[in-house]
Amino acid sequence: MDTESITESSTSSSSHGSTVGGQDGGSCTTTVASLPTDVLTTIFLNLRMPDLASVRQTCVAWYEIVINNRTLMNRFVLSLRNCRIEEGCEQWSLLLITRSTFEKLCFKSCTIGPATELWQAIGGNVVELTLNDCTLNADTLFNMLRHMRSTLRSLTLKATKFEDHSIRNVTLDFRLERLHSLTLRSIFVYNEFFHVFKHICPSLKALKLAFSSYEHWGEQLVEFVTTLRGTLDAITLSYTKVSSGLLHQLARIESLRLRKVSLKSCSELKERDILELARLQPTIVHLNLDNLFSADEQFLRALSAFLPQMKRIKLRVARISNLHQSFLANLPQLNYLKITDTTHVKGNLDLSAYENASLEKLYVSAATFSRNILPRFFERCPNIRSLTLYQCTYENIHDLQLAFSHLNALEYLNLQRTFDISDSFFNRDVFDTIVMPFERIRFYPITNLRRLCYLNLSHCRDLSDQTLMALSFPLLKKIDLRGLHITEAGIASLVTECPLLEYVHVDACKRICDNAVLSLCRDLKHLKLLNLESCKMLTDRSIEHILSHCRCLVWLNMMSCPQLSDDAKSQLSGLRTIRSLYLSPS
């Protein structure tokens, strides 16, 4: 139901109503306004987010229904950017008047000052708080947290700048009893913050310090983890300069039982440090070693012996003679495997002997597959729902085609930068006429993956409109076609065969024109994200199509489109649904 239909129905019903026979043979008039509140609430629960926002602005009665229903209000996110938030400002006054409540607050590039009355009004319902590139002082931050203490579960501070780092005089008369996740990203974490948070977060389960640094060698971090060892089970230190000494100190904390550890791009760590961590923390089931050293066969054998309960792992491998025997066979519960081949040697990743019905997600990068490896592997691991083969090469590309016959549950497929595939890879007629020397073998084209929801073909340089004309995915919601040689003909076929698309990336597709944009905007009724960056043939007509047809669009990128006029670009600011808009400066 779109906004116009809601408003129109309301108007016509109010004016004319509908006639319903009564028990006495007479008639009565029923209008939308006369419907019971529970009926209207049921209707509102089934609306899309833009329509629900319009409903809240239709009349006072509907506004009251929405803001007084917790389930409906949970769908709204209060997102403010590039503004100053303090007592007396425009946002402060508006939020107090509307009496709206939100479970999620996201402030980006804001300067936050004293606003006690505002936090009293909306803080009691906040579950997630994110401050991204904001400026505030410590007193203001803890005053906000004080009014969110009974509900806050997740706190994220990204690139946040504190005007005053000293918090020794802050009154800590509260505790965040329900806070489970603390993320400190791209900031310098002062010892005083560790000291304060360890006292007010008694139930913390996950600590994330990605891209962050800390004072000295991290002794306050060790003390922080020691204090919370009874509940803490997940630590992220990705992109930090964590040393082997600090990692060993954390691993040796008595009674600490870690389940999730991320050490991505921690360049100072060596193989012996990871093995020591695995020996001291055998409860780890999620381990991220992406962008670290290239693991050899001896390391993988030892790691799998220490962590037999592993469920998710990300790592880089060097030359491996038998990946299955040395590593995978020892991990029967593995359901997510991300592996990057650093050798680029054909046949280095031999997965053909691996059998695991629990494996649901596979990510392989930069591998070269020998003949028959993939069909045998997918036959033994048929329950894969997510498959990424990034920049891989194949001795026989038909192996990849044949592999799809075993992946009936596949929902996510990423073939980014697969240079071996061409339009014939997706052509059904080709597969029906191929003669194989083996009996009972039949090729299944990618179009037989009927559950597919996500498809990434970006930078597969030999694909054109013929590929789009061969695709037919009734459940597909996201597609990435950046850098392909496609035109309006291919787009017209795509939107017909994949009508539920919500996210479309056609950036750097140099042959995309205004008519292609018209097909996307007019025929995709649920379109939320559209990336048109560097589509240099686009003119002001494309903006007209977006304004006329896009009712759900929340994200739009039209940077590096040189034929767009400043007047046309200024009109996009009037599209109420858009939350993220990217345009080249005038």
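Student: Over which residues does pLDDT stay under 50, and how many contacts does the model have for them?

Tutor: First, pLDDT is the predictor's confidence in each residue, from 0 to 100, and a contact means heavy atoms within 4.5 Å. Here pLDDT stays under 50 over residues 1-24, and the model has 38 contacts for them beyond four places in sequence. Residues 430-441 also have a pLDDT below 50, with 13 contacts in the model beyond near neighbours in sequence. Where pLDDT is low, the predicted coordinates should not be read in detail. This is a predicted model, where local features need pLDDT of at least 70 and side-chain atom pairs count only at pLDDT 80 or more, while totals for chains, interfaces and linings use all residues. Residues are numbered from 1 along each chain as its sequence is written, and side-chain values use heavy atoms, with hydrogens and water left out.

Student: What does the chain average in pLDDT?

Tutor: The average is 85, and 90% of the residues score at least 70.

Student: How many helices and strands are in the chain?

Tutor: Both are DSSP runs numbered from the N terminus: helices are H or I with at least four residues, strands are E with at least two. This chain has 22 helices and 31 strands. As for contacts with a separation of 6 or more, 74% of them join residues 24 or more positions apart.

Student: At what angle do helix α9 and helix α10 pack?

Tutor: Axes are lines fitted to C-alpha atoms, for helices over the stretch in contact, and angles run from 0 to 180 degrees between N-to-C directions. Helix α9 (residues 191-200) packs at about 5° to helix α10 (residues 219-227), with the axes 9 Å apart. So α9 is roughly parallel to α10. (Under 35 degrees counts as roughly parallel, over 145 as roughly antiparallel, 65 to 115 as roughly perpendicular and the rest as oblique.) Residues making the contact include Phe 194 and Phe 197 of α9, and Leu 221 and Phe 224 of α10.

Student: How do the residues of the contact of α12 with α13 divide by class?

Tutor: Ala, Val, Leu, Ile, Met, Phe, Trp, Tyr, Cys and Pro count as nonpolar, Asp, Glu, Lys and Arg as charged, and the others, Gly among them, as polar. Glu 271, Ile 274, Leu 275, Ala 278 and Arg 279 in α12 meet Phe 299, Ala 302, Leu 303 and Phe 306 in α13. That gives seven nonpolar, no polar and two charged. The axes of α12 (residues 271-280) and α13 (residues 297-306) come within 9 Å and cross at roughly 15°, so these helices are roughly parallel to each other.

Student: How do the axes of α19 and α20 cross?

Tutor: Helix α19 (residues 488-497) and helix α20 (residues 514-523) cross at roughly 10°, and their axes come within 8 Å. That makes α19 roughly parallel to α20. Their contact has five nonpolar, two polar and two charged residues.

Student: Is Asp 507 buried or exposed?

Tutor: Buried means under 20% relative accessible area, exposed over 50%, and partly exposed in between (1.4 Å probe, protein chains only). Asp 507 has 8% relative accessibility, so it counts as buried. Asp 507 sits in the loop between β28 (503-505) and α20. Setting aside neighbours within four places in sequence, its contacts include Arg 482, Asn 531 and Cys 535. Across the chain, 50% of the 586 residues are buried.

Student: What covers the buried residues of α11?

Tutor: The cover includes β14 (213-214), α10 and α12. In helix α11 (residues 244-251), the buried residues are Leu 246, Leu 247, His 248, Leu 250 and Ala 251.
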